[in-house]
Amino acid sequence: MPGPLVVPSPGDLQFIARHALKTPLRTSPVLDAQVGRMIHVKDETVQRSGSFKFRGAVLGVGNAERGVVAAGAGNFPIAVGLAAQVLDKPACLMMPSDAPDLKRDQARKTGAEIKLAERSELAARAQTEARRRGWRNLHAFEDIEMIAGSYTLGAEVAAAIEASSPASDAVVVACSGGGLAAGVTLALRSRSISAAIYVVEPATHRRYARAREAGMPVRIEPSGDTICDALRSRQVGTRAFEILERSNVRVCAVDDQLVQGAMALLHETCGIRAEPSGALAMGAVLAGAVGSEHSRVWVIACGGNV
């Protein structure tokens, strides 16, 4: 039998809290009226580096003895580069050659070294580079520091739920490798928050749904492309899968058209400039994937590098 879910240490949580922002919850009567229920949007677009990734990155970089190598399409390397700048450590960021220009430019502005590679080679190139330099290879969702970072986000949502009047709550969170969803879920369940948790994937990249069918993380072949450039991982993480499978979460998928609608709606009603990946959770609400029995929905807008 598996043991209890292990929460991050108080020291790790305090370290993250010293460097990351406690981000706001946005509400809008216009938004509530349009979707027919009360919506609270956790706005990680204003987090340092423009996404939730900074929370875990700063802990991972802090735990590195020397420098850090990190591979990713955008938000993760941007966050690692900024964390390395803040903590005065060297970083090498491995990014795909087809990464959006904006995200490559933002990564360069952190002062970190940038190397480009094909998406299929990113992980292997990062491992090789880390071994060559004797640096830490920080993974975007497999390393425990990244889940710990997402835990702090979930703890902020949990505190808001606890402070609110009773309601039939649901929490909606995007999923790629699963580090965000796992950390948020761990925080909610460790504080005995019984809200339904909806884990949302792009319709073309259903990694977690496929892992559930197989009973373990498996590598998928996407059914198409997606505008959610930060959510193109081919496989859900091992730790994330274990946490999610033990926490009674629900999984759903959303297509790009609804993501575009969610981006516009968040901007028009809450002033949130979410990137496509950051609007995916709101897209699930628009798609009707979140059960109508939930009178209050907590949506995580996880990134705004757009």
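1. Start with Lys42. Lys42 is buried, with a relative accessible area of 3%; buried means under 20% relative accessible area, exposed over 50%, and partly exposed in between, with a 1.4 Å probe and protein chains only. This residue is found in strand 2. Helices (H or I, at least four residues) and strands (E, at least two) are DSSP runs, numbered from the N terminus. Lys42 touches several residues beyond four places away in sequence, among them Thr23, Pro24, Arg55, Glu156 and Ile300. Contact here means heavy atoms within 4.5 Å. Pro24 lies 18 residues from Lys42 along the chain, yet their C-alpha atoms are separated by 6.1 Å.

2. A word on the model. It is predicted: local features need pLDDT of at least 70, side-chain atom pairs count only at pLDDT 80 or more, and totals for chains, interfaces and linings use all residues. Residues are numbered from 1 along each chain as its sequence is written, and side-chain values use heavy atoms, with hydrogens and water left out.

3. Which order do the strands of the six-stranded sheet take? The order is 1-2-10-7-8-9, in an open sheet with mixed pairing. Two strands pair if DSSP finds at least two bridges between them. Strand 1 (25-26) and strand 9 (250-254) are the edge strands, and each pairs on one side only.

4. Next, strand 10. Six of its six residues are buried. Arg296, Trp298 and Ile300 point one way, while Val297, Val299 and Ala301 point the other way. Six bridges join strand 10 to strand 2, and the two run parallel. Asp43 has Ala301 as its bridge partner in strand 10.

5. Strand 7 also pairs with strand 10. Strand 7 (residues 169-174) and strand 10 (residues 296-301) are parallel over four bridges. Asp169 is bridged to Arg296, Ala170 stands opposite Val297, and Val172 has Val299 as its bridge partner.

6. Is strand 7 buried or exposed? Six of its six residues are buried. On one side these are Asp169, Val171 and Val173; on the other, Ala170, Val172 and Ala174. Strand 7 pairs with strand 8 too, in the parallel sense, over five bridges. There, Val173 has Val199 as its bridge partner.

7. We return to strand 7 and strand 10, parallel over four bridges. Helix 7 (residues 144-163) touches strand 1, strand 2 (38-43), strand 7 and strand 10, and its direction makes about 155° with that of strand 10. Axes are lines fitted to C-alpha atoms, for helices over the stretch in contact, and angles run from 0 to 180 degrees between N-to-C directions. Helix 9 (residues 207-214) touches strand 8 (196-202) and strand 9; its direction makes about 110° with that of strand 8.

8. Strand 3 (residues 68-71) and strand 6 pair in the parallel sense over three bridges. Val69 stands opposite Asn137 in strand 6.

9. Now the largest pocket. About 1,100 Å³ of space lies in it. On a 1 Å grid over the protein atoms alone, a cavity is a set of points where a 1.4 Å probe fits but cannot get out; a pocket is an open set with protein on both sides within 12 Å along at least five of seven lines, and lining residues have an atom within 4 Å of a point. Grid points are joined across faces, edges and corners, and a volume is the space filled by probe spheres set on the points.

10. Which residues lie nearest the centre of the largest pocket? They are Gly72, Phe141, Arg232, Ser233 and Arg234, out of 48 lining residues. Helix 6 gives the most to the lining, with four residues.

11. Last, helix 12. Ten of its eleven residues are buried, including Pro276, Leu280 and Met282. Just after helix 12, Gly288 takes a positive phi of about 80°.
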